[in-house]
Amino acid sequence: MAIKKMSIIKINNVSVSYNSHEALRDVSCVVEPADFIALVGPNGAGKTTLVKSIFGLVPLKTGSIELFDTPARKFTQWCKVGYLPQQSSTINPLFPATTEEVIELGLLSQKRNPKSITAKDKKHVAEIIEKLKITDLKKRMFSELSGGQQQKVLLARCLVSKPQLLIFDEPSTALDPDSRESFFELIKQLNKQDGIAVLLVTHDAGFVGKFAQKLLYIDKKIVYFGKFSEFCKSDDMRAFFGEHYQHIVCHQHDITGNN
Ligand code: ADP
């Protein structure tokens, strides 16, 4: 008997329009367990609309979406999905809480009554803090942290519910290049070591190939979906992007395509 492979997200022929304005046309793709997919495209390409579709926040004109092999409209296990929006937009930066408290809030929001933190929860939070190497930030006020530090704390807050999928929306917008590199490296580690599937939205196609394994490039419709390593071999992509840019994106070769 053939064993059906589980998928994390299955997007089937999805089209979305805002009134008469078409944002997505016939998009199909699958996020499999332990994938690290970069969702890339120019401004206005429909990246945010695709993420909103996954969360059921915009009506689909055509097509369907499944999450963990369940039709999205019937999906209830949202604790399996961690979402990190653009920097700090979920938490008031002046919120008077320590780093540790902000992370614990991630646990509380998942709990039914009684909403209290147990000793086991404390241990779990401590493990995540250690894993993300933010022990020194534990007692500091969230509002006093740098952008890169706040981003790590918000990631820790997502991780407390042991997600199997993490969705990042332009996580590097407000980060300096060093913080961006170390944040993307951290995401790669979580993907590799813990097998968490990652969908990372970015407009920066020339950077993310160092970390992600697959590229989903959209411009209203799918331009490319597949491995970065195959992207650079594609004649279609060479014709679309030009050879120079193709190798900037693929990260498999130097930009002259020599190695
Ligand atoms: P991206 O995230 O790639 O920048 P978006 O998904 O935000 O793209 O937008 C795709 C297109 O849909 C753009 O042309 C944008 O102007 C339009 N759009 C996005 N949200 C809305 C909305 N709520 N109402 C009308 N048009 C929208």
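Trainee: Which strands, and in what order, form the open sheet with mixed pairing?

Mentor: This is a predicted model, where local features need pLDDT of at least 70, side-chain atom pairs count only at pLDDT 80 or more, and totals for chains, interfaces and linings use all residues. Residues are numbered from 1 along each chain as its sequence is written, and side-chain values use heavy atoms, with hydrogens and water left out. Helices (H or I, at least four residues) and strands (E, at least two) are DSSP runs numbered from the N terminus, and two strands pair if DSSP finds at least two bridges between them. On that basis 6 strands form this open sheet, in the order β6-β7-β8-β3-β9-β10.

Trainee: Which are the edge strands there?

Mentor: An edge strand of this sheet pairs on one side only. That applies to β6 (81-84) and β10 (221-227).

Trainee: What angle does helix α4 make with β6?

Mentor: Axes are lines fitted to C-alpha atoms, for helices over the stretch in contact, and angles run from 0 to 180 degrees between N-to-C directions. Contact means heavy atoms within 4.5 Å. Helix α4 (residues 147-159) packs on the sheet and touches both β6 and β7 (165-169). Its direction and that of β6 make an angle of about 165°.

Trainee: How many bridges join β9 to β10?

Mentor: Strand β9 covers residues 214-219 and runs antiparallel to β10. Asp 219 stands opposite Lys 221 in β10. The number of bridges joining β9 to β10 is 6.

Trainee: What is the order of the open sheet of 4 strands?

Mentor: Strand β1 (residues 9-18) pairs with β4 (residues 62-67) over 5 bridges in the antiparallel sense, and 2 bridges join β4 to β5 (residues 70-71). The edge strands are β2 and β5. The pairing is antiparallel and the order is β2-β1-β4-β5.

Trainee: Which residue in the hairpin of β4 and β5 takes a positive phi?

Mentor: Leu 67 stands opposite Thr 70 in β5, and Glu 66 has Pro 71 as its bridge partner in β5. The hairpin has 2 residues between the strands. The positive phi, near 50°, belongs to Phe 68.

Trainee: How far is an oxygen atom of the ligand from an N or O atom in the side chain of Thr 49?

Mentor: A polar contact is a pair of N or O atoms within 3.5 Å; within protein, one must be able to donate a hydrogen and the other to accept it, and residues adjacent in sequence count only if both atoms are side-chain atoms. For ligand oxygen atoms, the distance is 2.9 Å to the side chain of Lys 47 and 2.7 Å to that of Thr 48. For Thr 49 it is 2.5 Å.

Trainee: What share of the ligand's exposed area does the protein bury?

Mentor: Accessible areas come from the Shrake-Rupley method with a 1.4 Å probe; for residues, only the protein chains shown count as cover. Taken alone, the ligand exposes 560 Å², and the share of this that the protein buries is 61%.
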